[in-house]
Amino acid sequence: MKNNVVLKISGKWLSPENSKVVTGYVEILKKIKDKGVRLAVIVGGGSTARNYIDVARAFNVSESWLDLLGIESSRLNALLLVSLLQGYVHPKIPQNIKEFIDIWYTTDLIVICGGFQPGQSTTSVAALIAEAIGSKLIINAARVDGVYDKDPTKYSDAKKFNKITLSKLEKILSTSSSFKAGGYEVIDPLTINILKRAKIRMRIVYGGDPLNVLRVLEGKEIGTLIIPE
């Protein structure tokens, strides 16, 4: 197993209706920590964020304010994990990259966070953290089981890639996605730019099965591997 692991978990899997999945993540994260692996975990806002965002958007609230709602929702999900992993995690949830770095280099506990600032997805946060701690792989436990040529939640004929370059992914996203607060996108332009400059790989796996995280660490080639050129 790798020494420094960055794990991004979709907020969908940390919602009350998925309590069994939450339990699975708690067990898996403990197991990984017990193996001596350093873990940075970044969580999304999930349905909580989308529900708040939908209400605010109906009142024509700006995207920056919608981002703030998403950030606070992601931090609530982070707090849930912290409360369930006491003894395994650092109790403070960093709210920016400097706070994360300050905590990371003073503890060997799991560090968990949500969003950092408006205009920046939690996937981008994961990329920034991976760059900061020198991790060359991000495991993205997403709502889908990989990267597709179009949104698989809307199109039944969507095709999954086993491996895809960042440049090819950019072309797909430029014609098929909109980057609004609370949207579907597995990866956004800012994240792509960070992955490019830091030469970081990202493996997208289905987050509804927490064991997929362990499978990746054991070398299983599941989901979609996004590679820099």
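Strand 4, residues 137–142, is mostly covered in this predicted model, with 6 of its 6 residues buried. Here buried means under 20% relative accessible area, exposed means over 50%, and partly exposed is anything in between (1.4 Å probe, protein chains only). Strands are DSSP runs of E with at least two residues, helices are runs of H or I with at least four, and both are numbered from the N terminus. In a regular strand the side chains alternate between the two faces of the sheet.

The neighbours of strand 4 come next. Strand 1 (residues 4–9) runs parallel to strand 4 and is joined to it by 4 bridges; strand 8 (residues 201–206) is also parallel to strand 4, with 6 bridges between them. Two strands count as paired if DSSP finds at least two bridges between them. A141 turns up in both pairings: it is the bridge partner of I9, and its own partner in strand 8 is V205.

Zooming out, the protein chain holds 8 helices and 9 strands. The C-alpha trace spans about 45 × 40 × 35 Å along its principal axes. Buried residues account for 51% of the 229. Of the contacts (heavy atoms within 4.5 Å) between residues at least 6 apart in sequence, 69% link residues at least 24 apart.

Two loop residues have backbone angles worth a look. Most residues other than glycine have a negative phi. N60, in the loop between helix 2 (46–58) and helix 3 (63–84), has a positive phi near 60 degrees, and it counts as exposed because its relative accessibility is 71%. K199 also has a positive phi, about 55 degrees, without being a glycine. K199 lies in the loop between helix 7 (189–198) and strand 8, and with a relative accessible area of 48% it is partly exposed.

A word on conventions: residues are numbered from 1 along each chain as its sequence is written, and side-chain values use heavy atoms, leaving out hydrogens and water. Local features need pLDDT of at least 70 and side-chain atom pairs count only at pLDDT 80 or more, while totals for chains, interfaces and linings use all residues.
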